[in-house]
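Student: Can you walk me through this model? I'd like the overall picture, then some details.

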Amino acid sequence: MGAIVSMEAHRPRITEADTAMRAERAARLIAANGATAIRTHADLTEANGVTSVAALLHVRELLADLVRIEVFALSGWPSIGAAGAQQRALLREAVAMGIDGIGGCPHLEAHPAAANETFLALAQEAGLPLDLHTDETLDRSRFALEDLAERVLDRAFPHRVTASHCVSLGMQTEAVQARVAEKLAAAAISVVALPSSNLFLQGRDHQVAMPRALTPVRALRRAGVNVAAGADNLQDPFNPVGRGDCMETAGLMVMAGHVLPDEAYAMVSSRVRQLMGLAAAGTAVGEVADLVLVPARTTREAIAFGPPGRVVIRAGRVVDAH
Ligand SMILES: [Zn+2]
């Protein structure tokens, strides 16, 4: 909550033009480091309206030749009940503006299950995929993920669904983790681990046996869930550091998530493409030539050094070389 309060305190001073300028800088940085697709969640709250959505949609079009940008709404709360009427109207306004997907934070709502239902219904009405930043807490009683999987299965939700953070799943027993992982796999819900934001924000109140606050990658993979990794935040109150490099995120998954380098790289590349619904990229005939050439001998070395001198290729065309 400290990061949210800190963000809100300064938010009125941030204009749409300023957001667009900084978003363009960030997107160019991330693309230069090798990303050919980015999903961003734009702040959408009653206090700030659609200014972030407008700014990011502008950058999406501006950089369309450089990098694919998907703009998802990150709904404020409450989005449920009578008190959430204005928030739901904002989401519909953002849909009309052309966003690529719906998102919100069910664990911050008074009734997380009702929020799941609201976001699923709005996404279905709009014909858009869903990516919720959910269960970003070590409080194991704030646990909306299993309900989300059940609702996706119950309504045979027709679009792609992603659940990001999923920290409180890591605080459940192994039996609960396994049960929920099976439901997520059955519902074809992808999970995104967000190690930098989770390691920085979570666990600071636990001075003994501090939890790492990462989603339980092993249990999810064992059940066949598509588990990817992302950054979520870049040099803001939720993560004061970060260099906009997927290799950095992969390195954090190796160190904090006990994932081996080849799988850590897949978590920031092929597994992300899968959850975005993009065709497989690679060098085989028939694959999309969305590639980054890195001066390193192995994937492990590329993650370890995160070296400069990369060449970024999008759809077979060099878009960045430095
Ligand atoms: Zn988040």
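Tutor: We start with the whole chain and then take a few regions in turn. Keep in mind that this is a predicted model.

Student: Fine. How many helices and strands does the protein chain have?

Tutor: There are 13 helices and 9 strands in the protein chain. Its radius of gyration is 19 Å, close to the 20 Å that the globule rule gives for 322 residues, so the chain is as compact as a globular protein of that length. The C-alpha trace spans about 55 × 45 × 40 Å along its principal axes.

Student: What percentage of the residues count as buried?

Tutor: Of the 322 residues, 46% count as buried.

Student: And the largest nonpolar core, which residues touch the most other members?

Tutor: Val53, Ala73, Ala250 and Met267 do, in a core of 87 residues. In soluble globular proteins, nonpolar side chains tend to be buried together.

Student: Take Ala250. What is Ala250 in contact with, leaving aside neighbours within four places in sequence?

Tutor: Ala250 contacts Ala229, Ala264, Tyr265, Met267, Val268 and Ile303.

Student: Switching topic: helix H5. Which residues of H5 are buried?

Tutor: H5 covers residues 112-126. Its buried residues are Pro112, Ala115, Asn116, Thr118, Phe119, Leu120, Leu122 and Ala123.

Student: What do the buried residues of H5 pack against?

Tutor: They pack against helix H4 (85-97), strand E3 (130-134) and helix H6 (145-154).

Student: How far does H5 reach from its first C-alpha to its last?

Tutor: H5 reaches 21 Å with its 15 residues, close to the 21 Å expected at 1.5 Å a residue. Gly127 follows H5 and has a positive phi, near 70°.

Student: Where does Pro158 lie, and is Pro158 buried or exposed?

Tutor: Pro158 lies in the loop between H6 and strand E4 (161-165). Pro158 counts as exposed because it has 10 C-beta neighbours inside 10 Å, and the cut-off for exposed is 12 or fewer.

Student: How far apart are the C-alpha atoms of Pro158 and Arg273?

Tutor: They are separated by 18 Å, and the two residues are 115 residues apart along the chain.

Student: Last one: what is the strand order in the open sheet of 3 strands?

Tutor: The order is E7-E8-E9, with antiparallel pairing. Strand E7 (291-293) and strand E9 (317-321) are the edge strands, and each pairs on one side only. The twist averages 25° from one strand to the next.

Student: How many bridges are there between E7 and E8?

Tutor: E7 and E8 (residues 311-314) pair over 3 bridges in the antiparallel sense. Val292 stands opposite Val312 in E8.

Terms used: Residues numbered from 1 in each chain as written. Predicted model: local features only at pLDDT ≥ 70, side-chain atom pairs only at ≥ 80, totals over all residues. Pairing = 2+ DSSP bridges. Helix = DSSP H or I, 4+ residues; strand = E, 2+ residues; numbered from the N terminus. Axes fitted to C-alpha atoms, helices over the stretch in contact; angles between N-to-C directions. Core = buried A, V, L, I, M, F, W, Y, C linked by C-beta atoms within 7 Å. Buried ≥ 20, exposed ≤ 12 C-beta atoms within 10 Å, placed from the backbone. Contact = placed C-beta atoms within 7 Å. Expected span 1.5 Å × (residues − 1). Rg over C-alpha atoms; globule rule 2.2 N^0.38 Å.
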